[in-house]
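Subject: Structure for your review

Hello,

Here is the structure I said I would pass on. Please look it over before reading my notes, which follow below.

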Amino acid sequence: MTYQVALDFGDVVGSVAPIAGSRIYGFNKLPRVPISLLEVHGYDDDTVPANASNGLGGGPPGSSVSNDHFFYTEVPYILGAFAVAAGCTGPNMPFPTRFDGIRGFQCNMPRGACGAHSIVQCTGKWGHTWPLHLTRPFAYAGLVLDFFAAHPLQIPDLDADGIILRLLACPDCNGTLKNLRTML
């Protein structure tokens, strides 16, 4: 669902952070607009495997097969689509976080620098869960909030005061994001 939000609402959402998710095979698409992505996935996830190496195998090329026999798009292909939309170029780069090293947790930008956006993949030795849920239950929220704060929605030439003024000047908008999107 998080990937779909990014595809459908990338113009009103600055960044997304799926955990242990993928796209059903055959439904991977390029985002319409650049959007920052923080993807977290364990090496031992066989519920929604990140790639064929930790899946059951036997699926079409570019797919991973889950323990309930669903075909998912391998995460590198999803990250590639987001990286193309964000204009990422260059080699793999580290993306340091305050949780690096705990249970093998590490993050990187597999497609290099992306300008104002970042496409980040965090991996480590865990399954279909947030790896620190027992020892640091709020760590995932901290990681995501840090990422969101560093990657806000990019609205060119319009600051928060400008958005509020447009909402106030539009009696039919009712202050909703859907209506705001048509005004911008």
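A residue counts as buried when its relative accessible area is under 20%. By that cut-off Cys88 and Cys114 are both buried. Please keep in mind that this is a predicted model.

Disulfides

The structure holds 2 disulfides. One of them joins Cys88 to Cys114, with an S to S distance of 1.8 Å. The torsion about the S-S bond of Cys88 and Cys114 is about 100°, so this disulfide is right-handed. Cys88 sits in the loop between helix H2 (75-86) and strand S5 (93-94), while Cys114 sits in the loop between S6 and S7, so the pair ties together parts that are 26 residues apart in sequence.

Cys107 and Cys122 also form a disulfide, and their sulfur atoms are 2.0 Å apart. The link of Cys107 and Cys122 is right-handed, with 105° about the S-S bond. It connects distant parts of the chain, since Cys107 is in strand S6 and Cys122 in strand S7, 15 residues apart. Both Cys107 and Cys122 are buried.

Ser118

Ser118 is found in the loop between strand S6 (106-109) and strand S7 (119-124). Is Ser118 buried or exposed? Its relative accessible area is 9%, and the limit for buried is under 20%, so Ser118 is buried. Which residues is Ser118 in contact with, leaving aside its neighbours within four places in sequence? They are Ser36, Leu37, Phe95, Met109, Phe147 and His151.

Regards

Methods: Residues are numbered from 1 along each chain as its sequence is written. This is a predicted model: local features need pLDDT of at least 70, side-chain atom pairs count only at pLDDT 80 or more; totals for chains, interfaces and linings use all residues. Side-chain values use heavy atoms; hydrogens and water are left out. Helices (H or I, at least four residues) and strands (E, at least two) are DSSP runs, numbered from the N terminus. Buried means under 20% relative accessible area, exposed over 50%, partly exposed in between (1.4 Å probe, protein chains only). Contact means heavy atoms within 4.5 Å. A disulfide is a pair of cysteine sulfur atoms within 2.5 Å.
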